[in-house]
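Let's look together at how two parts of one protein chain meet. Take a moment with the sequence and the model first.

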There are 2 protein chains.
Amino acid sequence: MTGPEMVNGFTGEHLSAQPQHIRELIDRRAHLLGPGYQLFYTNPVEVSRGSGVHLYDSAGNEYLDAYNNVVSLGHCHPAVVDAVTRQLSTLTTNTRYLQADLLDFSERLLATFPAELDRVTYTCTGSEANDLALRVARAHTGNTGIIVTRNAYHGVTAEVAAFSPSLGPASPLGPHVRTISAPDPRRQGDAVTDLLRAEIRAAIDDLRRHGFGVCALVVDSIFSSDGVQPFPTDLLGVLAAEVRAAGGVYLADEVQAGFGRTGAGWWGFGRHAVVPDLVTLGKPMGNGIPVAATVLRHEIGREFGRNVRYFNTFGGSNVPIAAASAVLDTITREGLIENAREIGAQLLRGFAEIVSGYQCLAEVRGAGLFLGVEVIAPEDTGPDRVLAQSLVDDLREHFVLVSASGPDGNVIKIRPPLVFGTEDAALLLDRFADAATRVLPA
Amino acid sequence: MTGPEMVNGFTGEHLSAQPQHIRELIDRRAHLLGPGYQLFYTNPVEVSRGSGVHLYDSAGNEYLDAYNNVVSLGHCHPAVVDAVTRQLSTLTTNTRYLQADLLDFSERLLATFPAELDRVTYTCTGSEANDLALRVARAHTGNTGIIVTRNAYHGVTAEVAAFSPSLGPASPLGPHVRTISAPDPRRQGDAVTDLLRAEIRAAIDDLRRHGFGVCALVVDSIFSSDGVQPFPTDLLGVLAAEVRAAGGVYLADEVQAGFGRTGAGWWGFGRHAVVPDLVTLGKPMGNGIPVAATVLRHEIGREFGRNVRYFNTFGGSNVPIAAASAVLDTITREGLIENAREIGAQLLRGFAEIVSGYQCLAEVRGAGLFLGVEVIAPEDTGPDRVLAQSLVDDLREHFVLVSASGPDGNVIKIRPPLVFGTEDAALLLDRFADAATRVLPA
């Protein structure tokens with residue numbers, strides 16, 4: 001039941017130390033759920049209720065949720081509850097019937113993008129959105145080669161898993177996939193953009209040499225699974241230019257960075273001053289209702305649309321669209337992008353202060369409410385996954401939920417709901433400082 | 001904006017004949033939605049409300065819905081509205097936290113299956129469920145070859161589209177995919193099972209000869225896109241035995257036939273007295289909330305689970321599970337499987353009477369509330385797609401919604417919500433008889 005190694009995954013090693021009711025739930029999972037399921041934390045968390053920035057277990061313990069980005073508006077936001085209840089009571093059908101609501105929402109969603117990105121196709125998950133985007137890109141370019149970063153994650157369909165190296169060695173990359181480094185200014189210094197330009201040129205050459213040609217560069221705009229890398233912001237424009245010059249397209253995966261998360265506008269690519277050819281959206285789009293999308297330039301979709309039909313029964317159906325509409329409204333009405341910027345800045349300052357006190361904390365980096373704190377070994381400057389996990393686990397024992405990320409699993413990943421307030425941020429910083437005192441060498 | 005040909009697809013040919021508000025909606029779709037979207041009917045239907053077995057347009061016209069199987073409990077069933085509202089107000093998170101509700105539902109879902117099928121993995125769509133099932137099957141068998149029926153449809157991910165021949169010639173089958181005939185007793189006579197046994201043996205030989213080996217036989221248990229073929233019921237057992245003898249597995253796609261649709265139990269494969277190795281579920285599972293699943297024998301998933309993790313953010317999350325739980329309860333509480341059997345029998349008798357009056361209606365066939373009426377040409381016995389479309393369109397003009405299916409698009413597909421009552425069935429039969437009078441040569 002342990003399965004493949006995962007950052008912050010429950011390994012079963014401490015199964016016997018779990019309380020009786022937790023052991024029972026774990027045992028039931030093993031006997032009911034299919035292959036590949038994993039739990040978070042050395043001591044898994046049982047949850048039974050959520051509200052705002054908090055999760056509660058069935059004993060009534062309150063957890064500060066500084067991790068879950070699906071519930072971007074906070075757990076159980078009434079605007080989404082109301083919109084979904086109303087829609088479920090009115091109509092749930094699909095896009096093969098004409099409906100004004102779908103089109104009204106599409107107009108409002110597309111208005112958050114640069115004008116070139118003028119069409120949207122709905123799916124249910126980010127995986128499906130990336131899967132479709134690649135089918136479209138292949139039809140448009142006539143090529144198959146894909147370039148991603150070294151520890152990228154883009155989803156779980158067979159197609160998308162083949163270009164998601166973070167799934168690990170047992171989930172092989174496709175023969176048509178090449179990886180380049182993610183940016184890492186702390187290690188790469190000022191030459192990040194030059195280094196990656198050289199790498200993408202080499203990847204392009206190699207794809208051509210093998211006859212695949214260049215179909216798409218696929219990049220998570222915040223490099224989440226690569227360890228959260230918000231800088232440098234001139235990078236994506238340079239990489240996009242290289243891939244376009246080679247006949248490929250640039251797909252911005254905004255499943256992690258999108259919907260105001262970075263505090264610098266609606267979309268993570270905006271920080272890089274570049275306009276992608278395709279953009280994929282997911283997780284926070286419906287605040288807990290499955291809904292995702294592929295946004296694209298109409299000319300990119302032309303070849304696919306001429307020949308292939310695409311019907312996703314639930315994609316663009318009424319309830320997901322009602323939820324997404326409520327999310328879009330609420331982000332605007334509650335000023336959540338500004339909030340992400342302000343609270344993100346508060347967290348960045350606070351973490352910088354904590355980081356400065358420990359040799360083992362190499363740096364904090366972030367954009368809006370997406371931050372990474374890098375943990376290194378006491379004796380050298382290499383990544384320290386074990387120490388990072390100890391911090392994550394210590395915080396969990398003190399009722400604060402974060403996780404870890406990066407190719408070495410040594411970057412604490414902090415990604416609270418966008419409604420995180422200044423007092424929530426202060427509490428998170430306090431608890432983190434306390435955890436550091438307990439866990440890290442002075 | 002016309003795109004590839006689809007059975008009962010709006011072609012744009014009659015665009016100028018549409019009312020102003022319909023033309024506007026169609027125009028907005030063309031300028032907002034991505035590639036591949038299609039509408040139903042020669043004159044598309046605009047919908048704004050649903051209730052029970054009815055859909056309503058914004059002018060207040062009432063349509064008898066004899067087609068939509070997602071809303072299997074009827075449009076806007078209060079049990080689903082209540083369950084989803086309650087869950088959305090309580091908790092929406094994912095399977096990396098322990099939650100009893102997920103396990104309680106899994107137990108109840110698995111109890112509807114033969115004992116061998118003892119594990120479930122949740123996804124959001126039938127496409128994702130089939131995509132995952134194939135990844136699991138490949139890991140288990142070590143082979144890649146897939147066998148499907150000649151006009152099969154299993155979904156829209158890149159992986160699954162490659163074994164969905166009904167998507168048409170512009171969506172090519174994978175090199176590892178072979179097709180066999182669907183059953184068609186009217187044309188094939190008594191030798192159906194022998195014929196298909198010979199075909200699957202040839203397909204197996206050919207897959208081996210090309211080095212793919214045999215991974216999976218994937219079959220929709222009611223052969224929906226092959227034109228609705230409920231007979232003969234000894235067939236799937238024979239095909240499963242052949243594929244297993246060759247080292248492959250049998251995946252029953254129950255996205256169409258499942259959840260009581262056939263009136264003969266929960267699952268369509270049950271009519272064939274065979275136990276699959278994997279089963280995929282979808283459409284009606286959440287009555288409008290996106291939820292789907294792969295059910296499997298635990299030993300089939302072992303190899304995949306040992307090496308690969310699978311996390312679907314929304315798959316198995318709280319709201320989809322709450323919806324699915326309400327659906328499962330309601331099917332039992334309202335006796336909808338028995339209703340599907342009884343009303344299905346009423347429809348079968350009624351259509352048989354209508355069919356007997358027209359040379360152009362070759363036969364009606366069905367199981368429970370899934371029926372097909374085959375339309376043939378007046379002059380010969382070949383399929384008549386145009387006449388079938390005329391019937392579908394005439395019914396639509398008289399406020400009855402059905403569609404068409406089959407490789408030749410000549411089978412009227414009748415698939416109402418499971419709550420269809422005896423008076424709804426009588427009305428459908430009346431309207432169909434009237435349409436036949438208007439459309440078919442006497």
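How many Å separate the centres of domain 1 of chain A and domain 2 of chain A? The answer is 26 Å, taken over C-alpha atoms. Domain 1 covers 45-73 + 336-439 and domain 2 covers 78-333, with bounds from an automatic or database domain assignment.

Residues are numbered from 1 along each chain as its sequence is written, and chains are lettered from A in the order in which they are written. This is a predicted model, where local features need pLDDT of at least 70, side-chain atom pairs count only at pLDDT 80 or more, and totals for interfaces use all residues, while side-chain values use heavy atoms, without hydrogens and water.

| Item | Value |
|---|---|
| Area buried | about 2,500 Å² |
| Salt bridges | 2 |
| Polar contacts | 16 residue pairs |

Buried area is the accessible area (1.4 Å probe) that two parts lose on being put together, summed over both. Carbon and sulfur atoms give 57% of it here. On the domain 1 side, A:Leu73, A:Ile337 and A:Phe370 lose the most area to domain 2, together 27% of what that side buries.

A salt bridge puts a side-chain nitrogen of Lys or Arg within 4 Å of a carboxyl oxygen of Asp or Glu. The side chains of A:Arg186 and A:Glu374 form such a bridge at 3.3 Å, N to O.

How values were computed: A polar contact is a pair of N or O atoms within 3.5 Å; within protein, one must be able to donate a hydrogen and the other to accept it, and residues adjacent in sequence count only if both atoms are side-chain atoms.
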